[in-house]
Amino acid sequence: MKNQVTIRVPATTANLGPGFDAFGCALSLYTDVTFEETEEGLEITGCDEAFTGPDNLAYTSYCAVLASLSEEVRGVKIHIDAHIPICRGLGSSAALLVAGAMGANVLRGNKLSTQGLLNITNAMEGHPDNLAPAFYGGLTASMVDSGLPVTVSFPLHPGWEFLALVPDFNLATSLARSVLPEQVSRADAIYNISHGAMVLKALELGDEKLLRSAMQDRLHQNYRKKLIPDYEKIEALVRTTGAAFCLSGAGPTLLVMTRNPRLSGILREKLPKITERSWEILPLHVEFQGAKQIDN
Ligand code: HSE
């Protein structure tokens with residue numbers, strides 16, 4: 001059996017506005033993680049020293065999959081080559097969980113299905129909205145039913161450009177979740193259900209006008225924007241361009257969706273005039289393939 005494998009996992013943007021903890025889309029930015037089984041011990045390279053212990057997410061999901069297979073954890077060397085920015089709302093944690101789960105499964109003979117790996121990692125992450133597109137690629141919606149994630153894929157018009165506006169500061173998802181209310185009004189629940197359905201149709205049709213009004217939310221963005229300096233200024237700027245705007249996952253990255261290929265140039269010129277912080281503009285496209293093994 002092989003003793004080394006490299007898994008490539010795409011970045012993901014979760015929520016897409018109203019689809020809180022449910023919608024997600026895989027994007028063209030990747031983290032590669034290599035697992036090499038050894039006789040004993042754990043060695044993690046390629047990341048900040050703080051993430052080289054046994055609580056590293058790639059290692060915890062690697063161990064969780066081995067446990068579910070009733071297989072022994074031997075030593076392992078893990079090398080992380082991360083191009084997904086960390087703690088920025090682009091699925092960097094989900095990517096490590098997915099890589100660890102797939103890495104362990106490949107090294108021990110591919111006994112679990114992708115659904116099985118999603119079940120295990122969803123129990124660790126607590127919500128499947130980043131994990132599902134990281135495993136399957138494309139645009140997904142997920143629900144958790146009787147404790148298990150169920151995911152379906154949706155069609156996407158090929159003309160969309162995703163512009164990720166990535167700031168030079170982090171926001172921990174735990175903090176971004178801690179500011180959310182435990183209970184919401186019926187009006188807000190109705191607002192999100194109706195807008196969420198429209199988001200999926202607008203993305204399929206490539207209807208920018210519909211997406212701009214559908215991609216609004218009352219469950220999380222209003223509470224989180226105070227944690228993100230410049231949020232309101234940037235949203236106001238994007239709205240003048242006709243593009244759709246939302247928070248990417250729990251933030252702090254902001255996501256702009258447009259059919260206008262010139263928009264990234266326009267934002268590059270205008271953003272520095274309204275903010276003193278550095279916001280990197282990453283033009284991305286949908287990644288239709290999910291996580292995959294990239295070695296032979
Ligand atoms: N749905 C999650 C959230 C995504 O918004 O908190 C980040 O993990």
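Predicted model: local features only at pLDDT ≥ 70, side-chain atom pairs only at ≥ 80, totals over all residues.
The phi angle of Leu16 is near 50 degrees. That is a positive value in a residue other than glycine.

The domain assignment divides the protein in two. Domain 1 comprises 4-154 + 287-294. Domain 2 covers 161-284. The centres of domain 1 and domain 2, taken over C-alpha atoms, are 25 Å apart. Domain 1 brings 22 residues to the contact, and domain 2 brings 35 residues.

About 2,100 Å² is buried between domain 1 and domain 2. Carbon and sulfur atoms account for 67% of this area. On the domain 1 side, Pro18, Phe20 and Arg88 stand out. They supply 30% of the area that domain 1 buries against domain 2, more than any other three residues.

Polar interactions also cross the interface. A total of 13 residue pairs are in polar contact between domain 1 and domain 2, with both residues at pLDDT 80 or more. The salt-bridge count between the domains is one. Asp21 forms a salt bridge with Arg177. Their closest N and O atoms are 2.8 Å apart.

Two elements give two or more residues to the side of domain 1 that touches domain 2. They are strand S1 (4-14) and strand S2 (23-38). S2 gives the most, with five residues. By class, this side of domain 1 has 14 nonpolar, six polar and two charged residues.

Aromatic pairing was examined next. The count comes to four aromatic pairs. One of them joins Phe169 and Trp279. The geometry of this pair is edge-to-face, with 85 degrees between the planes. The ring centres are 5.9 Å apart. The pair links distant parts of the chain, the two residues being 110 residues apart. Phe169 sits in the loop between strand S7 (161-167) and helix H5 (173-178). Trp279 belongs to strand S10 (residues 279-284).

A further backbone feature is found at Pro252. The peptide bond that joins Gly251 and Pro252 is cis. Its omega is about 10 degrees. Pro252 lies in the loop between strand S8 (244-247) and strand S9 (254-258).

Note on methods. Residues numbered from 1 in each chain as written. Heavy atoms only, no water. Domains from an automatic or database assignment. Contact = heavy atoms within 4.5 Å. Buried area = accessible area lost by both parts, 1.4 Å probe. Salt bridge = Lys/Arg side-chain N within 4 Å of Asp/Glu carboxyl O. Polar contact = N/O pair within 3.5 Å; in protein donor to acceptor, adjacent residues only side chain to side chain. Helix = DSSP H or I, 4+ residues; strand = E, 2+ residues; numbered from the N terminus. Nonpolar A, V, L, I, M, F, W, Y, C, P; charged D, E, K, R; others polar. Phe/Tyr/Trp six-rings, centres within 6.5 Å; stacked < 30°, edge-to-face > 60°.
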